Amino acid sequence: MAILVEEGTLTSQGTHTVFHLQTNHTSYVMAVPYGKYLAHVYWGKKIRTPRLDNALLMRWICFDVMEPLPAEDVFPFSLDYLRQEFSTEQNGDYRIPTVQVEYEDGSRCCSLIYDGYEIKNGKDCLEGLPSVYTQHEKEAQTLEIRLRDEWSGLMVCLSYVVMENWDVITRSVRIENPSEQAVRINRISSACVDFEDSDWDMISLPGAWGHERHIERQSLRRGCQLLSSVRGASSHQMNPFLALARRDVTEEHGEVYAMNLVYSGNFHAGVEVDQIGSSRMFMGLGDDDFSWLLEPRQSFTAPEVVLVYSDEGLGGMSRIYHRLYRKRVVRGKYRDQIRPILVNNWEATYFDFDEEKIVDIAREAASLGIELMVLDDGWFGKRNADTSSLGDWVANQEKLPNGLSGLAQRIRDCGVQFGLWVEPEMVSVDSDLYRAHPDWCIYVKGRERKECRNQLTLDLCREEVCDYLIQTIGGILDHADISYVKWDMNRHMSHIGSESLPKERQREVAHRYMLGLYRVMETITQSHPDVLFESCSGGGGRFDPGMLYYMPQTWTSDDTDPVERLYIQYGTSLAYPISTMGAHISAVPNHQSGRITPLKMRGDVAMSGNFGYELDLTQFTKEEKEEVRSQIADYKKLRSFVQSGDLYRTASPFEGNLVSWNVVSEDKKEVFGAFFRIQSEVNPGIHRMKFAGLEKEADYTDEETGQIYSGDELMKIGLVVDFHGDYQSRTWHLKRI
């Protein structure tokens, strides 16, 4: 059994109910002191159920320290010291609450008392939200714990899903209002874990456009350290991922606790260190621009958080997330299929193209071994710049006289598949759609409508807008032979309001937008199962598990410079697998950084992702074409296991001039290794590529040289790397004998 329950456990401090959640390698233990308060006892390496007298500290409180006691008839302790699973405000716990509610009389006091539990096999989907899924009932057990506010009757249902073989626990929250009065939810975290100490480093993935998911590690301090997005998207600036690691944690050693939110909109996460040095780690919906009016007899479900514990360092944590996301978040045909090698015309032509130019690139792509030609922005309406036509999803007849169907057929005749860029969530003021429906965008009535990138955001709170997108984008896919869709979103929310909602619900807009978007994506992706969808938001602005539920890969960043990509892809891999990262070779000088790098390095970096090109293939020299053919042939040998294997990071760009990692196939038979040096060094020391994750007793053949090495030699001694010049790289393909 993954979930053990012991009721009536007697201790010196009263009678408790104990819940012990177990995966293959971890334990998560909770208790209910005095039958009232849901307390956190333990999370970590798998253990037997501990003695509560020892494991759960019910701290004595002096009566003159200004701490209110929860009740007079129990052992005198304070909720401000109790490690809690779900905390509220104004009840004596002065730390950041997990939930904040407001009643019709304006009061906000909520005292949640234990009200029972239920265990069932399997895992339910969350209504209207992406979530981790199971393929059969035996994969998971669900514990639902009910907490009730005695004064109002408000019910909070905490869902703990134990996925034993995946070493994962997920948490989500449902709030039910059985009363005859409305309740306003002003804050809701889906997960909260209290630790006894604060001897941790907090690890997060902040960034910016073109600079996404750079690893930041800092020691905890007293007070609150907060991560959040208020942009209407999970954002380039902060990813919905948070980890606590012991100070001595490395890639392969030490304890790590991590949370990742399965959501693509506003979020908050963080850690609070309290007066006695305890730590509260939390994650959930963003609360800066959120509230939800919960009507009588209605319920509200918050997004899911994926909890991972590893005692094998950051690498162990990452591999748990990677395996889960590859198999139990990503869905559909392409979950288990290799991803095609593509070329995208954006940096080759921008808006300046016609049908003949696209066909020329496709013809060249076929000769090089590329499998998919993607037509990017500029194919619709009167779109010759980013000033018009978003929302008018009809082919520009001047550029594409044969329409999308005719172009798709010509591309197919070249021997490659056809893909298309769309930005469905946006509308240009200069568009037929906006002229017909000016109220279909997000705006505040009576205020100026502020554009960004000459566009506004469609109001996906409105059912008719969602229906329009489903019909329009679905119709394009129904009538043209399209194998791939790049779904972009290039504007963060501002001036947030919806004409479709009353004034008391305006703070619901950002979340209702996400619910509408998820409905649109679910409908379109499920009705077109043979199309490979790639999410994009100005590059990597919505790289989160919520998007991966609908689209199995994400454009990792608009920044295609290989040096920058070392940081971006390395940081992204902390939570997200290689199979989810779009990684392309672009022209030099690079269009974002201006840097000139060798074609080899650009290719070696891109091979650690879903490989492709973002340039004009027709401009390659004869020598460059031969190198590209070789790159493509090499990647076709590698991708069957690189896209599905276990990643081991062995040298970090955030710590030095050298970067390396390797991928080991699921069956342990093949290995891909990559080593990079960013800047040249005069009279350098000896550099070696040291592999990880190999079988030390096995022997491996280098497919290029034919040399044979033992697994322990490759891991402990490594292979010498000798470079000359800036921006150098080396890769290996090893096979176990």
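I take buried to mean under 20% relative accessible area, exposed over 50%, and partly exposed in between, with a 1.4 Å probe and protein chains only.

**Entry 1: basis.** I am working from a predicted model, in which local features need pLDDT of at least 70, side-chain atom pairs count only at pLDDT 80 or more, and totals for chains, interfaces and linings use all residues. Residues are numbered from 1 along each chain as its sequence is written, and side-chain values use heavy atoms, with hydrogens and water left out.

**Entry 2: salt bridges.** I applied the rule that a salt bridge is a side-chain nitrogen of Lys or Arg within 4 Å of a carboxyl oxygen of Asp or Glu. Side chains of opposite charge can pair when their charged atoms come close. By this rule I record 59 salt bridges.

**Entry 3: E423 and R453.** I found a salt bridge between the side chains of E423 and R453, at 3.8 Å from N to O. E423 lies in the loop between β23 (417–422) and β24 (426–427), and R453 in the loop between α6 (432–436) and β25 (456–457), so this pair ties together parts that are 30 residues apart in sequence. Helices (H or I, at least four residues) and strands (E, at least two) are DSSP runs, numbered from the N terminus. E423 is buried, at 0% relative accessibility, whereas R453 is partly exposed at 27%.

**Entry 4: E295 and R505.** I next looked up the salt bridge of E295 with R505, whose closest N and O atoms are 3.2 Å apart. E295 sits in the loop between β18 (292–294) and β19 (299–301), while R505 sits in the loop between β26 (484–487) and α8 (509–527), so the pair joins parts 210 residues apart in sequence. I note E295 as partly exposed, with a relative accessible area of 32%, and R505 as buried, at 12%.

Entry 5: D93 and R95 form a salt bridge, with the closest N and O atoms 2.9 Å apart. D93 is buried at 3% relative accessible area, and R95 is buried at 7%. I also find D93 and R95 linked with D194, D274 and R280 in a network of salt bridges.

**Entry 6: two helices.** I turned to helix α4 (residues 355–368) and helix α12 (residues 622–642), which pack at an angle of about 65 degrees with their axes 9 Å apart. Axes are lines fitted to C-alpha atoms, for helices over the stretch in contact, and angles run from 0 to 180 degrees between N-to-C directions. With contact meaning heavy atoms within 4.5 Å, E364, S367 and L368 in α4 meet K625, V628, R629 and I632 in α12.
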